Each structure stands twice: as structure tokens, then as C-alpha cells.
Amino acid sequence: MNYKTVVLISIVLALGGYAVGRYLQPPEVVTKEVEKIKEVEVVKRDVKTIIKEVVRPDGSKETVTTIDESTRENTRRQADTSKETTITPAKPQWKAGANVKASLTNVLPVYGVQIERRILGPFYVGVQGWADSTVAVSVSMEF
């Protein structure tokens, strides 16, 4: 094996190890606390009527009516806290690959590498470089 092949295999193995590590990463976890405040107002009215009737020895009657109205207002606040956890798997932003092309006239294969970056949703734009000194631009879609 020559020096170029060893370097190329080392780079491919390093990128493959990095890709496996990124793939095995845990997904992004977002925890959101929501607090709901519920206010309850209780109004209680107590009406008490007291009627006193006093009979005197001379036969006269006296009636005293007392109305006691007590109002009690109570405001109670109740807060409910709930946690909502959303697990969103992180989408990869970069892709790297290795290419091999062969021609029907030339028996020796030509090796190349490519790297792509996510630009919008599932769409990637990338660059390819080949060992025969050619460069290409690529557009790809993930589905």
C-alpha cells in the first residue's frame, strides 16, 4: 500500500467514527414548565334575625328585632404547575462521503470525497473532490 491509500483510509475511518458518534448521541430534550393560576372568589352571606319579645308584669309587650348580617369574602389563589417534556431528535447538519468512479476505457478507479451542508429543511448543498483533479458541486435531498 502506498502513502496516499493509507491516508485516505485513515481519513475515511476517522470520519466514519465521528459519524457513528454523532448518530449515537442522545436526542435534544426540552423541558418547559407551565404555571396556571386559578383565582376563586367565595362570597358567603350570613343573615341572622333575632326577635326578642319581652312581656312585662303590667301586661305590655315589647318586641325587639335585631338583624345581624355578616358578609365574609374569601379570595383563594390556586396555582398548578405542570411540566411538559418534548424530545426532539437533532437533525444532522453535515454529511460526508467517499466516492469511487470508474470508466469503461480506463480500468483504474478514481477516488473522491464529498462534504454536504444542510441549507433548508431536507436540502443539502455539497462539494465533491476527485483524485484526478476534478471538482463538482452537488445538491441533494434527505427523505
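Here is a walk through this structure, from its overall outline down to single side chains. Keep in mind that what you are looking at is a predicted model.

Let's begin with the chain as a whole. Its secondary structure amounts to one helix and six strands, and reading from the N terminus the order is α-β-β-β-β-β-β. The radius of gyration is 42 Å, well over the 15 Å that the globule rule gives for 143 residues, so the chain is more spread out than a compact globule. You can see this in the box that the C-alpha atoms fill, too: roughly 140 × 25 × 20 Å along the principal axes. As for burial, 8% of the 143 residues count as buried.

Searching the whole structure turns up three salt bridges. One of them joins the side chains of glutamate 62 and arginine 56, with N and O at 2.4 Å. Both partners are partly exposed: glutamate 62 has a relative accessible area of 32%, and arginine 56 comes in at 38%.

Another salt bridge links glutamate 116 with lysine 95, and here the closest N and O atoms are 3.4 Å apart. Glutamate 116 belongs to strand β4 and lysine 95 to strand β3 (residues 94-101), so this pair ties together parts that are 21 residues apart in sequence. How covered are the two ends? Glutamate 116 counts as buried, at 5% relative accessibility, whereas lysine 95 is partly exposed at 30%. Lysine 95 has a further contact: it lies over the face of tyrosine 124, 4.5 Å from the ring centre.

That leaves the bridge between aspartate 132 and lysine 101, whose closest N and O atoms are 3.7 Å apart. Aspartate 132 sits in the loop between β5 and β6 while lysine 101 sits in strand β3, so the pair ties together parts that are 31 residues apart in sequence. Aspartate 132 is partly exposed, with 37% relative accessible area, and lysine 101 is partly exposed as well, at 34%. Lysine 101 also lies over a ring, namely the face of tryptophan 130, at 4.7 Å from the ring centre. Rings facing other rings are another matter: a search of the whole structure finds zero aromatic pairs.

While you're at the loop between β5 and β6, have a look at serine 133, which is placed there too. Its phi is near 65°, a positive value in a residue other than glycine. Serine 133 is exposed, with a relative accessible area of 69%.

Finally, turn to the nonpolar side chains on the surface. Ile119, Leu120, Phe123, Val125, Val137, Val139 and Met141 make up a nonpolar patch there, and together they have about 710 Å² of accessible area. Which strands supply the patch? At least two residues come from each of β4 (110-120), β5 (123-130) and β6 (135-141). The largest share is that of β6, with three residues. Phenylalanine 123 is partly exposed, and its relative accessible area is 37%.

Notes:
Residues are numbered from 1 along each chain as its sequence is written. This is a predicted model: local features need pLDDT of at least 70, side-chain atom pairs count only at pLDDT 80 or more; totals for chains, interfaces and linings use all residues. Side-chain values use heavy atoms; hydrogens and water are left out. Patches are made of residues with over 30% relative accessible area and no salt bridge: like charges are joined within 9 Å, nonpolar side chains (Val, Leu, Ile, Met, Phe, Trp, Tyr) within 5 Å. Accessible areas come from the Shrake-Rupley method with a 1.4 Å probe; for residues, only the protein chains shown count as cover. A salt bridge is a side-chain nitrogen of Lys or Arg within 4 Å of a carboxyl oxygen of Asp or Glu. Helices (H or I, at least four residues) and strands (E, at least two) are DSSP runs, numbered from the N terminus. Buried means under 20% relative accessible area, exposed over 50%, partly exposed in between (1.4 Å probe, protein chains only). Rings of Phe, Tyr and Trp (its six-membered ring) pair if their centres lie within 6.5 Å; planes under 30 degrees apart count as stacked, over 60 as edge-to-face and the rest as tilted. A charge sits over a ring if NZ of Lys or CZ of Arg is within 6 Å of the ring centre and within 35 degrees of the ring normal. The radius of gyration is taken over C-alpha atoms; the globule rule is 2.2 Å times the number of residues to the power 0.38.
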